[in-house]
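Keep the 3D view open as you read.

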Amino acid sequence: MATLEKIRSKSGLLIVVIGLALLAFIIGDALTNSRNIFGDHTTVAKAGSAKIDITEYQQKREELNQQLEEARRQNPASVANFDTQTLPEMAIQQLLQEQLLLNAAEKAGVQVTGNLLRYYMLETPGNQDVMRLVQQLNQAGLGVQTPQQAYELIFNPKRNGMTDAQMEPYQRLWLQVENNAKADIARQVYARILQKSVKANDLDRKALYNDYINTAQVQVAYLPYGTLDAKEYPVSEAELKKMYEEKKNDFKVDEATKDVSFIAVSIAPSKKDLDDCRQLAERTVKALSDSSAQLSKDLKKDGVILTHHSLRAADLPAGAMKEFILNGAKDSVKLVSSNMQGFTAVRVTGRELQTDSIQVNVVMAATLDLGKRIQSQLNAGLPADSITVRFSPDSVMPQLNQWIPLYTAQGATNALPQGTLDSLVNAGGKYITINSGAQGMVMASLVKRNAPVTIYDYDEVNYVLGPSVKTVSDERAKLEKFLADNSNAKDFAANAEKAGFNVQRYSLTQSSPAVPRIMGMNSYFPESRQVVRWIMIDGKPGQVSHIYEAKSATNPMLYAAAVESSYDDFTPLTNPDVNQYLTEQVRRSKAGDKLVAKYSKNTQSMEAAAQAMGVQVNTIESFRFGQNPGVRDGAVMGKINGSKADKKVTLVKGEDGIYVYSVNGKKKENFPFNEQQYNQQYMQLINPNLIQMLMGDSKIKNNIYKFEAGD
C-alpha cells in the first residue's frame, strides 16, 4: 500500500515522464525515417534507376560553370547568347543520362580492362580531365607536357626529385580522374551495345524494300479546307469531349505540368529620361574639354564610364570615332554618337611610335645549373638549333623564332615587362635570363623587332541609357494596380489586354529552365526562373503571383503569372492549345463530311470530280507509301496504297482537305535488295532514344525548384 501511495502521489510527474519518453520515441522515429515522412530530402531528380543527390548536382553545376567560363575566355562569341538559367536543367539531364547508362552497364557486367583504361588515361588526346591535371601540375611549377610524364612524376616522385608528401594530393586527384574514366568508358561501351541492340530484322528490311519497289500509277486531286467558318461548322462541348477521348494519348505529359498566364513588362526609357541623357552628354563633353583629368565623381555617379585605349590605326573602331582619333588635335573632344541607347564621346590624348611585335628565341632548361651552362654556350656562339644535339632533349626545350605581339586589336598585351623588353633590346642578340628558380630556367634573345608604328592614345567615354528609378516605379505601380483589381487567374487572363498588358500562355514543368520568350525556342525571359519556381512550388490553380523583377540598368523587366490549371497525366481539354487543336479537328471533320457529300455525285470520272471541286488532276507515275509529296495525309496515303488497280474514282476526307483518287495500275520496280541500305533506313525511321529505352515507362521526377531559393 505504501508503494502504491507513493506512485499515486507522483502520478503527475509519471505522466510527464511517460509523455517525454513517448515524444522522444516519436521524434527519434521521425528523424530515423525522415525520408518516409518528408520525402527524399536530398534527391534533386529521379528517372528510372537513376537518382541524383544534391551533392552530385552541385558538383555538376560547378563543372558546367567552369566550362562556361573557359568558353568565355577562349571564344566569347560562342557563348555570347547563352542563358545561364538553363544550367540547372543541363546539369540534371546530364547526370540522369550518365547515371542511367552507368547503372545499366553495371547490371550488364561491363568491366573496364587495364589496357582500355591505360589508353583512355595516357594515350587519348581528348581526355579533358587528364589534360586539366597536366595543366595544374604546370601551374604549380612542375613542368610536364604529356599524360605519361604526369603519371611518372605523380607516382614516382623520388625518381623525379619530389617527395611522396608533395605528390600525395596529385595521386588522389589522378585516382579520382581514373575512377571517372572507368565510369565514362563503361557508359560508352554500354551505349554502343544498346545502340547495336536496335536493328532491323528480315521482316523490317523486307517491309521497307517492298514499300519502295511496289509502286502505283495514281491520279489524285486535292481540295484543301482553308479557313473554316465557325458559324458554318459549329463545335459543341460534347463533340470536343468525344474527340479528346479519341486522341487523349496524344496529350500525355511526362511531368507534373501547370498551365499559366504570364505578363512580361519591358521597361523603356521615358521621354524625360531621353531629355536627361542629352543634357548629361552636353555636361560630359564640356567636362572633358575643360580638363585632361579623369571624370568627376558626379559624372561617374550618373553612370558615365571612361576607358583609356592605346591602339594601332588598323585596330581603331570604324566610323566617326576612328576619323576623329586619326585627325583630331591632342586633348580635343567630340560626341561621336547619341541615340536611344545612350551616348559615346572621345578625347584624343596623344600619339607615339612603338614596336608592336618582336621575334625571339626562347630556351627552357630543366635545372638552374643546366640553364646557366646553356646560356653561357649560346652567348659564346653555339647555334640555337644545335641545343638538343649538345644537351639531352629531355632536359632542354628550345622555341625558336617565336613572334611575341606587344600590341593586338585589344591594345597593349603586356606580354613582357618593360624592363625585360628593354633588356632584350639592349642585349645585342645575347641571351638574357627571363625567369629562374628551383624548377629550371628560361632564357631568351631578340632575333628581330618590327619597325615602330603609331599608337593612338584616347579616352572613350560611354553612357548606356536605361529607364530611371521613377520610370521603373511608375510601371511597377501600374502593374500593381492591375494585380490588385484582378486577383484571380480568370480575371488576370481576361482583363490583361484591356489594361494594356500582353498576356501569354504557357505549359510549364519543374524541368522548365525559365519562362520562354517563344514556346519551343531556346530563349528565355531574363531572371524568370524565379517565376517558374513560384508556379511549380507555391502557385495553386486560380492564384496570381506577386510582381517579380529582372533587374537591369538598361532593360529591366517586370513579371507576373497566374496558374490556370495543374495536371500530371494528360493535358486537359481546358488547355487553350489542346482546345483550339481539337476544335479545328472537329471542324475539319465536319467540313470533310459536308464536302464529300457535296461532290460524291461527281465521281463518274477524275476529270468530272476535279472540275466540280475546282482543282487540277495530278498524275503520279510511281506512287510509293510514305514518299509522296502530292499526298500529305498519312491515312489517305495508306488508303491509296491499299486500293486495287481498278481505276475506280474514290472520294475521301483527310485531315487537311478532301482527296479524290484513282489507282490505274501497279508494278514492281527492278531494284536489287541491299541489306545494309535498309538497315540504315530502319535506323533513320526508328531513331532510337537510348535514354528513353533505359527509363521505360518511368517519369522524370524533377525536384530542382525545391532546392532553389525564391522570393
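Helix α5 (residues 87-108) packs against helix α9 (residues 164-197) at an angle of about 80 degrees, their axes 8 Å apart. That makes α5 roughly perpendicular to α9 (the label covers 65 to 115 degrees). Axes here are lines fitted to C-alpha atoms over the stretch in contact, with angles running from 0 to 180 degrees between N-to-C directions. Helices are DSSP runs (H or I, at least four residues), and strands are too (E, at least two), numbered from the N terminus.

On the α5 side, the contact (heavy atoms within 4.5 Å) includes Glu98, Leu101 and Leu102. From α9 come Ala183, Ala186, Arg187, Tyr190 and Ala191.

This is a predicted model: local features need pLDDT of at least 70, side-chain atom pairs count only at pLDDT 80 or more, and totals for chains, interfaces and linings use all residues. Residues are numbered from 1 along each chain as its sequence is written, and side-chain values use heavy atoms, leaving out hydrogens and water.

## The largest pocket

What helix gives the most to the lining of the largest pocket? That's α9, with 13 residues. α4 (54-74), α5, α6 (114-123) and α7 (128-139) are among the others that each supply at least two.

## The strand side

β8 (357-365), β9 (396-405), β12 (432-437) and β13 (440-449) each supply at least two residues to the lining of the second largest pocket, and so does helix α8 (147-155).

Note on methods
Angles under 35 degrees count as roughly parallel, over 145 as roughly antiparallel, 65 to 115 as roughly perpendicular and the rest as oblique.
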